[in-house]
Amino acid sequence: MKKLLGAAGILGIIGMTSCVDHQVIPPPLPMVDLNCECEALIDDSLVAYNDTCTYQSQKVISTSSPSEAQYFTNIQEETMTQGLELEMRSVTWNDDGTNNPPLTVWETFFNANTEPAYSTNIVDMGVVVRWTDPNLKVWTSDTVTVGNACAQNFTYESFVLESDTTGDYMQFKAIFNGVLLNSDYGVVDSAKCIENAVVRSAFKLE
(Lines give C-alpha, C1' and ligand atoms only; values in the text may rest on other atoms or scores of the structure.)
Protein backbone atom coordinates (compact mmCIF):
# COMPACT_ATOMS: atom_id res chain seq x y z
CA MET A 1 0.00 0.00 0.00
CA LYS A 2 2.83 2.37 0.78
CA LYS A 3 4.33 1.72 -2.63
CA LEU A 4 1.02 2.46 -4.33
CA LEU A 5 0.56 5.70 -2.40
CA GLY A 6 4.09 6.77 -3.27
CA ALA A 7 3.52 6.15 -6.95
CA ALA A 8 0.24 8.02 -6.81
CA GLY A 9 1.96 10.93 -5.10
CA ILE A 10 4.64 11.05 -7.79
CA LEU A 11 2.04 10.96 -10.54
CA GLY A 12 0.16 13.76 -8.81
CA ILE A 13 3.28 15.93 -8.69
CA ILE A 14 4.02 15.27 -12.36
CA GLY A 15 0.46 16.18 -13.22
CA MET A 16 0.68 19.43 -11.27
CA THR A 17 3.97 20.51 -12.81
CA SER A 18 2.76 19.73 -16.33
CA CYS A 19 -0.05 22.27 -15.89
CA VAL A 20 2.30 25.20 -15.12
CA ASP A 21 2.07 27.94 -17.77
CA HIS A 22 5.34 28.61 -19.57
CA GLN A 23 6.14 32.18 -20.53
CA VAL A 24 6.57 32.58 -24.27
CA ILE A 25 9.40 35.00 -25.08
CA PRO A 26 8.94 36.51 -28.53
CA PRO A 27 11.95 36.59 -30.81
CA PRO A 28 13.79 39.93 -30.94
CA LEU A 29 12.52 42.37 -33.53
CA PRO A 30 14.87 42.96 -36.46
CA MET A 31 16.91 46.17 -36.25
CA VAL A 32 17.78 48.41 -39.17
CA ASP A 33 21.30 47.77 -40.42
CA LEU A 34 22.42 51.38 -40.63
CA ASN A 35 25.11 52.35 -43.11
CA CYS A 36 27.94 54.46 -41.72
CA GLU A 37 30.91 55.30 -43.90
CA CYS A 38 32.36 58.03 -46.04
CA GLU A 39 35.48 58.94 -47.95
CA ALA A 40 36.57 61.97 -49.95
CA LEU A 41 39.55 63.78 -51.38
CA ILE A 42 40.10 67.13 -49.67
CA ASP A 43 42.81 69.03 -51.52
CA ASP A 44 44.14 65.68 -52.80
CA SER A 45 44.34 64.17 -49.29
CA LEU A 46 42.11 61.15 -48.68
CA VAL A 47 39.89 61.26 -45.61
CA ALA A 48 37.77 58.28 -44.58
CA TYR A 49 35.47 57.64 -41.62
CA ASN A 50 33.45 54.49 -41.02
CA ASP A 51 33.01 53.95 -37.32
CA THR A 52 30.39 56.16 -35.70
CA CYS A 53 27.30 57.92 -37.07
CA THR A 54 25.09 60.28 -35.08
CA TYR A 55 21.78 61.90 -36.02
CA GLN A 56 20.28 65.21 -34.95
CA SER A 57 17.60 67.70 -35.94
CA GLN A 58 16.88 71.38 -35.34
CA LYS A 59 13.27 72.58 -35.35
CA VAL A 60 11.16 75.69 -35.21
CA ILE A 61 7.68 74.63 -34.10
CA SER A 62 4.77 76.98 -34.82
CA THR A 63 1.02 76.73 -34.29
CA SER A 64 0.17 79.66 -36.57
CA SER A 65 2.43 78.95 -39.56
CA PRO A 66 4.30 75.98 -41.01
CA SER A 67 6.89 74.43 -38.73
CA GLU A 68 10.32 73.57 -40.11
CA ALA A 69 13.23 71.28 -39.34
CA GLN A 70 16.75 70.62 -40.54
CA TYR A 71 18.26 67.12 -40.35
CA PHE A 72 21.89 66.23 -39.72
CA THR A 73 24.12 63.19 -39.82
CA ASN A 74 27.73 63.12 -38.68
CA ILE A 75 30.22 60.41 -39.67
CA GLN A 76 33.48 60.02 -37.76
CA GLU A 77 35.86 57.59 -36.10
CA GLU A 78 35.06 56.78 -32.46
CA THR A 79 38.57 57.76 -31.32
CA MET A 80 38.73 60.91 -33.47
CA THR A 81 36.94 64.24 -33.23
CA GLN A 82 37.25 65.15 -36.90
CA GLY A 83 34.59 63.96 -39.29
CA LEU A 84 32.10 64.85 -42.03
CA GLU A 85 28.60 66.20 -41.47
CA LEU A 86 25.66 66.58 -43.86
CA GLU A 87 22.69 68.85 -43.17
CA MET A 88 19.46 68.91 -45.17
CA ARG A 89 17.33 72.09 -45.23
CA SER A 90 14.40 72.26 -44.58
CA VAL A 91 11.31 70.10 -44.06
CA THR A 92 8.11 72.13 -43.52
CA TRP A 93 4.76 70.90 -42.19
CA ASN A 94 1.68 71.95 -40.22
CA ASP A 95 2.34 70.60 -36.76
CA ASP A 96 -0.37 68.62 -34.95
CA GLY A 97 1.26 68.75 -31.54
CA THR A 98 3.71 65.89 -32.09
CA ASN A 99 6.56 68.29 -32.97
CA ASN A 100 7.52 65.98 -35.83
CA PRO A 101 6.57 66.04 -39.51
CA PRO A 102 4.30 63.18 -40.60
CA LEU A 103 6.29 60.27 -41.98
CA THR A 104 4.81 60.72 -45.47
CA VAL A 105 5.79 64.42 -45.53
CA TRP A 106 9.29 63.59 -44.31
CA GLU A 107 9.77 60.86 -46.92
CA THR A 108 8.40 63.03 -49.72
CA PHE A 109 10.80 65.85 -48.84
CA PHE A 110 13.88 63.68 -49.34
CA ASN A 111 12.62 61.96 -52.48
CA ALA A 112 11.91 65.40 -54.00
CA ASN A 113 15.46 66.61 -53.30
CA THR A 114 17.78 64.02 -54.81
CA GLU A 115 19.98 66.72 -56.38
CA PRO A 116 19.97 69.55 -53.83
CA ALA A 117 21.88 72.78 -54.34
CA TYR A 118 24.40 73.87 -51.73
CA SER A 119 22.65 76.06 -49.17
CA THR A 120 24.42 79.09 -47.68
CA ASN A 121 21.47 80.51 -45.75
CA ILE A 122 19.12 78.79 -43.34
CA VAL A 123 16.12 79.95 -45.39
CA ASP A 124 17.51 78.36 -48.57
CA MET A 125 16.51 74.79 -49.35
CA GLY A 126 19.46 72.52 -49.95
CA VAL A 127 22.40 70.68 -48.45
CA VAL A 128 25.31 71.78 -46.27
CA VAL A 129 28.57 69.85 -45.93
CA ARG A 130 30.85 70.43 -42.95
CA TRP A 131 34.27 68.93 -42.41
CA THR A 132 36.03 69.11 -39.02
CA ASP A 133 39.77 68.90 -39.74
CA PRO A 134 42.48 67.34 -37.50
CA ASN A 135 42.92 70.75 -35.79
CA LEU A 136 39.17 70.82 -34.98
CA LYS A 137 38.57 73.68 -37.42
CA VAL A 138 35.25 73.46 -39.26
CA TRP A 139 35.16 73.91 -43.04
CA THR A 140 31.72 74.60 -44.53
CA SER A 141 30.41 74.20 -48.06
CA ASP A 142 29.68 77.30 -50.11
CA THR A 143 28.79 78.31 -53.65
CA VAL A 144 31.78 80.57 -54.42
CA THR A 145 33.46 80.02 -57.76
CA VAL A 146 35.85 82.95 -58.11
CA GLY A 147 39.45 82.03 -57.38
CA ASN A 148 38.97 78.27 -57.20
CA ALA A 149 38.37 75.47 -59.65
CA CYS A 150 36.29 73.17 -57.46
CA ALA A 151 33.53 71.26 -59.22
CA GLN A 152 30.19 71.64 -57.46
CA ASN A 153 27.48 69.00 -57.58
CA PHE A 154 25.55 66.83 -55.16
CA THR A 155 23.44 63.73 -55.81
CA TYR A 156 21.64 61.29 -53.57
CA GLU A 157 21.88 58.08 -55.57
CA SER A 158 19.33 56.36 -53.35
CA PHE A 159 16.95 56.92 -50.45
CA VAL A 160 15.52 53.97 -48.50
CA LEU A 161 13.06 54.48 -45.64
CA GLU A 162 13.48 51.90 -42.87
CA SER A 163 12.07 51.64 -39.35
CA ASP A 164 12.68 49.66 -36.17
CA THR A 165 12.00 50.05 -32.47
CA THR A 166 14.52 52.91 -32.25
CA GLY A 167 12.83 55.07 -34.89
CA ASP A 168 12.45 55.89 -38.57
CA TYR A 169 15.53 56.31 -40.75
CA MET A 170 16.06 57.61 -44.28
CA GLN A 171 19.13 55.73 -45.41
CA PHE A 172 21.05 57.16 -48.34
CA LYS A 173 24.08 57.07 -50.55
CA ALA A 174 25.37 60.50 -51.60
CA ILE A 175 28.11 61.43 -54.03
CA PHE A 176 29.34 65.00 -54.40
CA ASN A 177 32.02 67.58 -55.15
CA GLY A 178 32.25 71.10 -53.80
CA VAL A 179 34.18 73.87 -52.12
CA LEU A 180 34.78 74.17 -48.37
CA LEU A 181 35.55 77.51 -46.71
CA ASN A 182 37.21 78.37 -43.41
CA SER A 183 38.56 81.63 -41.95
CA ASP A 184 40.26 80.31 -38.78
CA TYR A 185 43.80 80.17 -40.18
CA GLY A 186 44.29 83.88 -40.81
CA VAL A 187 42.91 83.92 -44.35
CA VAL A 188 39.30 84.97 -44.88
CA ASP A 189 37.39 82.26 -46.72
CA SER A 190 40.38 80.03 -47.30
CA ALA A 191 39.14 77.35 -49.71
CA LYS A 192 39.63 73.62 -50.17
CA CYS A 193 38.07 71.39 -52.80
CA ILE A 194 36.21 68.31 -51.62
CA GLU A 195 36.12 65.82 -54.48
CA ASN A 196 34.79 62.35 -55.27
CA ALA A 197 33.04 62.22 -51.90
CA VAL A 198 30.89 59.18 -51.16
CA VAL A 199 28.75 59.08 -48.01
CA ARG A 200 26.54 56.24 -46.80
CA SER A 201 24.55 57.17 -43.72
CA ALA A 202 21.00 58.11 -42.71
CA PHE A 203 18.79 60.88 -41.37
CA LYS A 204 16.57 60.06 -38.39
CA LEU A 205 13.01 61.33 -37.93
CA GLU A 206 13.03 63.02 -34.53
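Buried residues are those under 20% relative accessible area, computed for protein chains only with a 1.4 Å probe. This definition applies to the legends below, which describe a predicted model.

**View 1. The disulfide of Cys-150 and Cys-193.** Both cysteines of this pair are buried. Their sulfur atoms lie 1.9 Å apart and form a disulfide. The torsion about the S-S bond is -90 degrees, and the link of Cys-150 and Cys-193 is accordingly left-handed. Cys-150 belongs to the loop between strand E7 (138-142) and strand E8 (153-164), whereas Cys-193 belongs to strand E10 (residues 190-204), so the bond ties together parts that are 43 residues apart in sequence.

**View 2. The disulfide of Cys-36 and Cys-53.** Here the S to S distance is 2.2 Å. The link of Cys-36 and Cys-53 is right-handed, with 105 degrees about the S-S bond. Because Cys-36 is placed in the loop between helix H1 (2-18) and strand E1 (37-42) and Cys-53 in strand E3 (residues 52-60), the pair connects parts that are 17 residues apart in sequence. Cys-36 and Cys-53 are each buried. The disulfide count comes to two. With the bonded cysteines of the protein numbered in sequence order, the pairing reads 1-2, 3-4.

View 3. Cys-38 takes part in no disulfide. The nearest cysteine sulfur is that of Cys-53, at 7.6 Å, and a disulfide requires sulfur atoms within 2.5 Å. Cys-38 counts as buried because its relative accessibility is 7%, the cut-off being under 20%.

**View 4. The two faces of strand E1.** In a regular strand the side chains alternate between the two faces of the sheet.

**View 5. Strand E1 and its pairing with E10 and E2.** E1 and E10 run antiparallel and are joined by five bridges. Within this pairing, Cys-38 stands opposite Val-199 of E10. E1 also runs antiparallel to strand E2 (residues 45-49), again with five bridges. On that side the bridge partner of Cys-38 is Tyr-49 in E2. The hairpin of E1 and E2 has two residues between the strands, and Asp-43 takes a positive phi near 50 degrees in this hairpin.

Note on methods: Residues numbered from 1 in each chain as written. Predicted model: local features only at pLDDT ≥ 70, side-chain atom pairs only at ≥ 80, totals over all residues. Heavy atoms only, no water. Helix = DSSP H or I, 4+ residues; strand = E, 2+ residues; numbered from the N terminus. Buried < 20%, exposed > 50% of the residue type's maximum accessible area, 1.4 Å probe, protein only. Pairing = 2+ DSSP bridges.
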